[in-house]
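Please find below a colleague's note on the model.

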Amino acid sequence: MRYESHNEEETKKIAADFVRDLQGGEVVFLSGELGSGKTTFVRGIAEALGFHEPVRSPSFTIVNRYPVENVNIKQILHVDFYRIDDASEIPPLALEEEIGQPDTVTCIEWPEKAPSGMFVATHQIICHGGDPYVFTITSLLPQREGFPRLL
Amino acid sequence: MRILAIETSCDETSIAVVSLTNGVFAIEKNITSSQAKIHAQYGGVVPEVAAREHAAWIIPLLQEVDVAHDGAGIDAVAVTAGPGLVPALRVGVELAKSLAWAWDKPLVAVNHLEGHIYSVWLSEFQAPSGACDRPEGRLKPMFPALCLLVSGGHTELILMRDHGQYELLGMTRDDAAGEAFDKVAKLLGLPYPGGPQISKVALEGDAQAIAFPRPMIDSDNVDFSFAGLKTAVRVYLDSVSPLSKGELRGVAVANVAASFQQAVVDTLVAKTMRAVQQTQPASVILSGGVSANLRLRQALSDAIQSRFSGVSSDGDEAPVKLFVPDLSLTGDNAAMIGVAGLMKAARGEFVDPLSLKADPNLRLA
Ligand SMILES: Nc1ncnc2c1ncn2[C@@H]1O[C@H](COP(=O)(O)OP(=O)(O)OP(=O)(O)O)[C@@H](O)[C@H]1O
Ligand SMILES: [Mg+2]
């Protein structure tokens, strides 16, 4: 699905709509050039899941964790591989222990910096910071009809 | 009192020996991986990608600072316990715990931000340009001190009421100032790390050439935001050379660099001066990696000078003094952790070497 956004608030609404389909365990890849709204989109996801503290860019910290209280989703893992310049820097982060856990939603900015196949996305969001901003969301999950929504 | 200090919170691995004698700090050793000349003994040049491999650096650095194998001459061990990257922090924390336990020396856990603040205790008072009557010895910051901490990962205004007493006044809501420098440098095709490169290129440019936004400069709080500025530079570059960003050269690049740098400096200075007005500190401390930026140092110094010009020291408003670290101590280093560690050791603030854990979100206040 392709969504246009004219400001941060609209982007957060798109993110909130996206969150409605999440059950926990998702791995969301966010791709797009610098300033294309990846962090802003994740801020929208976090707010929609009930996290009300500032969501900052994880480019330096590489991983930020946001605890949330939902039926299924208890944590948002906000990952940013912007500063990774060699695949060998990723394993020490020990992300595989957390990514994909049923109570965790993982959002990864700059996922293309990791070797392909190291992490498997359930959703892909292509961000484009033009006028307007455009977010193209693709679910990579097989269509599961009648899957209960537990949020 | 002599302390062995270890810092591995982010990209640098660093070990230092710092002493405190009659109230004066002295750096006896301070070795950092990016500067270390231990490549030969390490068996060739350490590849660039190993910059963050603290585990590979830590023992060669420990050998280089040359402490006695039984810890003789060292009174305590200090280590950065957070905030930072867990796998990175852990290397330093585990080494510090092992040494403290094996040597039976007290262990001090230091907050990385506290270390940056204490880096100015190692440098001399910055006399205003022209004044050459430097005071005897080293002038120390007086309290309350307002600290502007700017680096790749942090942009924070902290009020320090006394040693070890901190209050967070404001911080960035999205990108840190140093992060904006690095990302804009990337957009301009300049090499990493971006901060020094932007400043260098900016020397040839016109800081007024492009009116980049100064996000939140007029808002009443003392929080920062730099994501919009980063994005404004990208949008500008797309608009002037939509086909290939590489086409932008020479003066054009210098103008973007200079105008961007000015926007960051204006914002940092304006917010700091707002905090000065709100908290009436006795000193201002500028530290962190971005404090190496000379334009920022000058602008903050000028702003403080002009605010207090004409105010005599026996007036209501005492002139505020600005403290900045020596340029060699602006980046991450263990010497500053040693100073903060010595201050905590003097107050008897020790931790148990068996239970200390790295904390990626460690808070100052
Ligand atoms: N419609 C919009 N949606 C999202 N952000 C917008 C929009 N319009 C303007 N912006 C601005 O664009 C900027 C996006 O920055 P953000 O840090 O979210 O991008 P990013 O893709 O995470 O960048 P990076 O690659 O540096 O991580 C913000 O300053 C935001 O205010
Ligand atoms: Mg981002």
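**Notes on the cysteines, sheets and domains**

1. A:Cys107 has 0% relative accessibility and therefore counts as buried (buried is under 20% relative accessible area, exposed over 50%, partly exposed in between, with a 1.4 Å probe and protein chains only). B:Cys147, at 1% relative accessibility, also counts as buried. The model is predicted: local features need pLDDT of at least 70, side-chain atom pairs count only at pLDDT 80 or more, and totals for chains, interfaces and linings use all residues. Residues are numbered from 1 along each chain as its sequence is written, chains are lettered from A and ligands numbered from 1 in the order in which they are written, and side-chain values use heavy atoms, leaving out hydrogens and water.

2. Over all chains there are zero disulfides (a disulfide being a pair of cysteine sulfur atoms within 2.5 Å). For A:Cys107, the closest cysteine sulfur is that of A:Cys127, and at 11 Å it is too far for a bond.

3. Chain A contains an open sheet of seven strands with mixed pairing, in the order β1-β7-β6-β2-β5-β4-β3. Strands (E, at least two residues) and helices (H or I, at least four) are DSSP runs numbered from the N terminus, and two strands pair if DSSP finds at least two bridges between them. At the edges stand β1 (2-5) and β3 (63-67) of chain A, each with a single partner strand, so one side of each lacks a neighbour in the sheet. From one strand to the next, the twist averages 20°.

4. Within this sheet, β6 (residues 123-129) and β7 (residues 133-139) of chain A run antiparallel and are joined by seven bridges. A:Ile125 has A:Ile137 in β7(A) as its bridge partner. Helix α1 (residues 8-19) of chain A lies across β1, β2 (27-31), β6 and β7 of chain A, at about 150° to β1(A); axes are lines fitted to C-alpha atoms, for helices over the stretch in contact, with angles from 0 to 180 degrees between N-to-C directions.

5. Chain B is divided into domain 1 (2-121 + 328-346) and domain 2 (130-324), with bounds from an automatic or database domain assignment. In chain B, 15 residues of domain 1 are in contact with 24 residues of domain 2 (contact means heavy atoms within 4.5 Å). B:Ile117, B:Val120 and B:Trp121 of domain 1 lose the most area to domain 2 of chain B, together 42% of what that side buries; buried area is the accessible area (1.4 Å probe) that two parts lose on being put together, summed over both.
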